[in-house]
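Dear colleague,

My notes on it follow directly after.

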Amino acid sequence: MPITLWMVVGSIAGGTGVVLGLAALRQARAAVRECRRMSRRVAGGAGDPRAIRDVAVFRYDALEESAGRLSFSVALLNGLGDGIVLTSINGRSETRTYARPLRGGRSHQPLSPEEEHAVRAARLGLGPDVEPRPRRS
């Protein structure tokens, strides 16, 4: 009897491992595709690599009180991934604006998810106007 129990437990654990492995493989393949696409854009760029060439605007509703996607993050990057991301959070009575410098597509300051989305879209050449990703349930 104990051998049968171990066989069942082992089968469940093995099946779970296979499912987790397949999910990790799918994520890794997506990351490789993204890296290849970015590498082709960087390698294929002609002209001054320091000139602004990648732009993306990500519009969204930052506050519950506002609608119409009036808030936005704009990424302005050169071929090296250096540049800035500008964010404007628009409310009913006030607006806040932030600017963060980028080196190699990264900032020393933490970026919001919207800023990260704008930077990634600019690096991948998806701009200038980027639609929000559908939210996962």
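The notes below cover the strands, the salt bridges, one serine and a surface patch.

This is a predicted model, in which local features need pLDDT of at least 70 and side-chain atom pairs count only at pLDDT 80 or more, while totals for chains, interfaces and linings use all residues. Residues are numbered from 1 along each chain as its sequence is written, and side-chain values use heavy atoms, with hydrogens and water left out.

Strands

Helices (H or I, at least four residues) and strands (E, at least two) are DSSP runs, numbered from the N terminus. Two strands are taken as paired if DSSP finds at least two bridges between them. Strand β2 (residues 71-78) runs antiparallel to strand β3 (residues 83-90), and six bridges join them. These two strands form a hairpin with four residues between them, and Gly 81 in the turn has a positive phi of about 85°. Strand β3 is also joined by eight bridges to strand β4 (residues 95-102), again in an antiparallel arrangement, and a hairpin of four residues connects β3 to β4.

Salt bridges

Side chains of opposite charge can pair when their charged atoms come close. With a salt bridge defined as a side-chain nitrogen of Lys or Arg within 4 Å of a carboxyl oxygen of Asp or Glu, a search of the whole structure finds five. For the exposure of the residues involved, buried means under 20% relative accessible area, exposed over 50%, and partly exposed in between (1.4 Å probe, protein chains only).

One of the salt bridges is formed by the side chains of Glu 34 and Arg 120 (3.1 Å, N to O). This pair links distant parts of the chain, with Glu 34 in helix α1 and Arg 120 in helix α2 (residues 113-124), 86 residues apart. Glu 34 is partly exposed at 24% relative accessibility, and Arg 120 is partly exposed at 44%.

Another joins the side chains of Arg 103 and Asp 82 (3.3 Å, N to O). Because Arg 103 lies in the loop between β4 and α2 and Asp 82 in the loop between β2 and β3, the pair ties together parts that are 21 residues apart in sequence. Arg 103 is exposed at 60% relative accessibility, whereas Asp 82 is buried at 16%.

A further salt bridge is made by the side chains of Arg 100 and Glu 115 (3.1 Å, N to O). Arg 100 belongs to strand β4 and Glu 115 to helix α2, 15 residues apart; both residues are buried.

Ser 73

Ser 73 is in strand β2 and counts as buried, at 0% relative accessibility. Its side chain makes polar contacts (N or O atoms within 3.5 Å; within protein, one must be able to donate a hydrogen and the other to accept it, and residues adjacent in sequence count only if both atoms are side-chain atoms) with the side chains of Tyr 60 (3.4 Å) and Thr 87 (3.0 Å).

Surface patch

Leu 5, Trp 6 and Val 9 make a nonpolar surface patch of about 360 Å². Patches consist of residues with over 30% relative accessible area and no salt bridge, with like charges joined within 9 Å and nonpolar side chains (Val, Leu, Ile, Met, Phe, Trp, Tyr) within 5 Å; accessible areas come from the Shrake-Rupley method with a 1.4 Å probe, and for residues only the protein chains shown count as cover. Trp 6 lies in helix α1 (residues 2-44) and is exposed, with a relative accessible area of 64%.

With kind regards
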